[in-house]
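Keep the structure in view while reading.

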Amino acid sequence: MPERHDDTPDTDQPDDTPRTEERGAGFKLAAFGAVVVVVLFAGYGIGRLNNSVETARSATPAADAHGHGPTASHDDSGAAPHVHNADGTVTQVAGSTAAAQSVGGLAVTSSGLTLRPETAIFTAGRAQPLRFKITAAGGAPVTTYAVVHDKPLHLVVVRRDLTGFQHLHPVMAPDGTWSIDLRLAQPGSYRAVADFTAIVGGQQTPTTLGVDLTVAGNYAPVALPAPVTEVTTDGFSVQYGGTPQTGTTQPVLMTVRGADGKPAELEPYLGAYGHLVVLREGDVGYVHVHPEPQPVDGAVKFWLAAPGPGRYRMFFDFQVAGKVHTVAFTAVVS
Ligand SMILES: [Cu+2]
């Protein structure tokens, strides 16, 4: 079975049930100044090759957040924001305008690659196979992908009001058809965003494509939750710290504590100690953020730069005792 997790622990639970208990009195809007996002798709260029279903299933938990192995010659912890290029060089991005490239998933076709779902119509509340191909110029399906963050392809599905978030890892058949069972709990328009590095003609192309999925029925949009700096879920409390800004890359810290108030023992998940997906309100612009490979002062540290003003929803995945948990924060960028 393809693995999956979403922000509702019970897979039969409607996705619009209260996502998490949020508390955060004293949160200051100003603290967010400018939030958000940029992320380092670092490591894209140096992911491992994947061209079989087997490889897609056998993730190697040891890979780190930037795609380079534990034997990497330099230490990323506490380093300034940077991108590992395909040729092995490193580009510093602090204070740069790299943010401009950070928003993806807005197009169904880009860089010569096209996302082609077999069907985009779903029935509310029923698990249904989602199948799609990524085709290259000329229409042939792509069957070879680089493994990035332990997976050849990451799929994020969310309703356009940013509820019902799911982070999935479909499995590819030899003909290039990706599939996973998908359950969309509530009616509405959803966005499915595929994040992958296709290998075509020996060329690695990191790409994020998005397509709408539709569930007929009475659509009741949910307002974006107010910004808070602490959220609890499944008995864990997650604290968010940072002052992301537009135009410069800033750290964002996530600190996870157990019910006893002590730091939770985070386990590597997708090759790092946490996973952050940032989605923009209004167009579901997608930013897949990754942390420093090691916790910094007990916190999972990400680097973000705001691509522009607006409101964003940040979905933070972390793993404790073999189970993945997801919390979400709203961030406002002025
Ligand atoms: Cu993923």
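## Report on the predicted chain

L266 counts as partly exposed because it has 19 C-beta neighbours inside 10 Å. By definition, a residue is buried if 20 or more other C-beta atoms lie within 10 Å of its own, exposed if 12 or fewer, and partly exposed in between, with C-beta atoms placed from the backbone. The model is a predicted one, in which local features need pLDDT of at least 70 and side-chain atom pairs count only at pLDDT 80 or more, while totals for chains, interfaces and linings use all residues. Residues are numbered from 1 along each chain as its sequence is written.

L266 is found in the loop between β19 (250-257) and β20 (275-280). Strands (E, at least two residues) and helices (H or I, at least four) are DSSP runs numbered from the N terminus. G298 is 32 residues from L266 in sequence, and their C-alpha atoms are 9.6 Å apart. Two residues are in contact if their C-beta atoms, placed from the backbone, lie within 7 Å. Leaving out residues up to four places away in sequence, L266 touches V256, Y273, G274, P295, V300, F318, Q319 and V320.

V320 stands opposite K323 in β24. Strands β23 and β24 form a hairpin with 2 residues between them, and A321 in the turn has a positive phi of about 50°. Strand β24 (residues 323-333) is largely enclosed by the rest of the structure, because 8 of its 11 residues are buried.

Two strands pair if DSSP finds at least two bridges between them. Two such pairs are listed here.

| Strand pair | Bridges | Direction |
|---|---|---|
| β23 (residues 310-320) and β24 | 11 bridges | antiparallel |
| β13 and β14 (residues 177-183) | 2 bridges | antiparallel |

In the second pair, V171 stands opposite S179 in β14. An open sheet is formed by 5 strands in the order β6-β7-β9-β14-β13, with antiparallel pairing. Strands β6 (109-110) and β13 (171-172) are at the edges with a single partner strand each, so one side of each has no neighbour in the sheet.

A nonpolar core is a set of buried Ala, Val, Leu, Ile, Met, Phe, Trp, Tyr and Cys residues joined through C-beta atoms within 7 Å. The largest one has 72 residues, of which V157, V158, A194, V278, L279, M314 and F316 touch the most other members. V157 touches Q166, L168, L182, Y190 and A192, not counting residues up to four places away in sequence.

The chain has 2 helices and 24 strands. Of its 334 residues, 49% count as buried.
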